[in-house]
Amino acid sequence: MQALAGEGNYSGSKQYYALLLDMGLPDGSGSDIARQARKDGFKGRIVIYSGMDMQEAKKQTADLNVFYCNKPCPLDELFSALGLEDSD
């Protein structure tokens, strides 16, 4: 995978269960990483968890099968987006 500015430690591995991304990264956005991950064949869950306006994120990632959570959100909402059950 070519490096994306602001990509953090995403290595292009398909072995992750999920990617939890923010929209506002120093040198890019979560939608850029989501798009690259799908291009690389990543089939797991992608959750954009951000305090930014999600309407723009939804437009940018409409074709990527991405889940969205606005910060702050209840843990059960985040767990649901990640495909996990609440462990109360």
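The following questions and answers go through a predicted model of one protein.

Residues are numbered from 1 along each chain as its sequence is written, and side-chain values use heavy atoms, with hydrogens and water left out. Because the model is predicted, local features need pLDDT of at least 70 and side-chain atom pairs count only at pLDDT 80 or more, while totals for chains, interfaces and linings use all residues.

Reader: In what order do the elements of the protein run from the N terminus on?

Author: Helices (H or I, at least four residues) and strands (E, at least two) are DSSP runs, numbered from the N terminus. The protein has three helices and three strands. From the N terminus on, their order is β-α-β-α-β-α.

Reader: Do β1 and β2 run parallel or antiparallel, and how many bridges join them?

Author: Two strands pair if DSSP finds at least two bridges between them. In this pair L21 stands opposite I48 in β2. β1 and β2 run parallel, and the number of bridges is four.

Reader: Which hand does the crossover from β1 through α1 to β2 have?

Author: A crossover is right-handed if, with the strands pointing away from the viewer, the path from the first strand over the helix to the second runs clockwise. The path here goes from β1 through α1 to β2, and this β-α-β crossover is right-handed.

Reader: Which residue in β3 stands opposite Y49?

Author: β2 and β3 also pair in the parallel sense, over four bridges. With α2 they make a right-handed β-α-β unit. Opposite Y49, the residue in β3 is C69.

Reader: What share of the 88 residues is buried?

Author: Buried means under 20% relative accessible area, exposed over 50% and partly exposed in between (1.4 Å probe, protein chains only). Of the 88 residues in the protein, the buried share is 36%.

Reader: Which residues does L64 touch, not counting residues up to four places away in sequence?

Author: L64 is in the loop between α2 and β3 (67–70). At 8% relative accessibility, L64 counts as buried. Contact means heavy atoms within 4.5 Å. Not counting residues up to four places away in sequence, L64 touches A34, R35 and R38.

Reader: Which two residues does a cis peptide bond join?

Author: Most peptide bonds are trans. In the cis bond here omega is about -15 degrees.
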